[in-house]
Amino acid sequence: SKIFIIGNGFYLSMGMKTSYDQFIESEEFKTLIFHKNDLAIFIKQDFTRSGWCDLEESISKYSLSNQNGKLYREYEDLKNTIKNYLSSIELQICLD
């Protein structure tokens, strides 16, 4: 038996908008910011400063600097938004 491991580079090469950079520019992510999700705002600011999105690093930095009790809820909102974003991309491909 063989196992094929397909990473995000595969999807990007197919023209799918699956990079973190593209997610941060999406309407879905902008909705998080509109609803004042501090984690999303921090990630966007980090991205704007560096020009590069290291989502895991941004989440780590935010969690160390913000002990406001909202992290779990904000992270869950972010996670669900990423799922919805990727599902919408998948749906677009199925409809094309």
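How many nonpolar, polar and charged residues does the lining of the largest pocket have? In this predicted model, local features need pLDDT of at least 70 and side-chain atom pairs count only at pLDDT 80 or more, whereas totals for chains, interfaces and linings use all residues. Residues are numbered from 1 along each chain as its sequence is written, and side-chain values use heavy atoms, with hydrogens and water left out.

The lining comprises eight nonpolar, two polar and one charged residues, where Ala, Val, Leu, Ile, Met, Phe, Trp, Tyr, Cys and Pro count as nonpolar, Asp, Glu, Lys and Arg as charged, and the others, Gly among them, as polar.

Aromatic pairs, defined for rings of Phe, Tyr and Trp (its six-membered ring) whose centres lie within 6.5 Å, are classed as stacked with planes under 30 degrees apart, edge-to-face over 60 and tilted for the rest, and by this rule the count comes to three. Phe23 and Phe29 form an edge-to-face pair, 5.3 Å centre to centre with 70° between the planes, and both residues are buried, a term that denotes under 20% relative accessible area, as against over 50% for exposed and partly exposed in between (1.4 Å probe, protein chains only). Phe23, Phe29 and Tyr85 are linked by ring pairs into a cluster. Phe42 and Tyr62 form a tilted pair, with 5.5 Å centre to centre and 55° between the planes; Phe42 is buried at 17% relative accessibility, and Tyr62 is buried with a relative accessible area of 2%.

Lys36 has a phi near 65°, a positive value in a residue other than glycine, and is exposed, with a relative accessible area of 61%.
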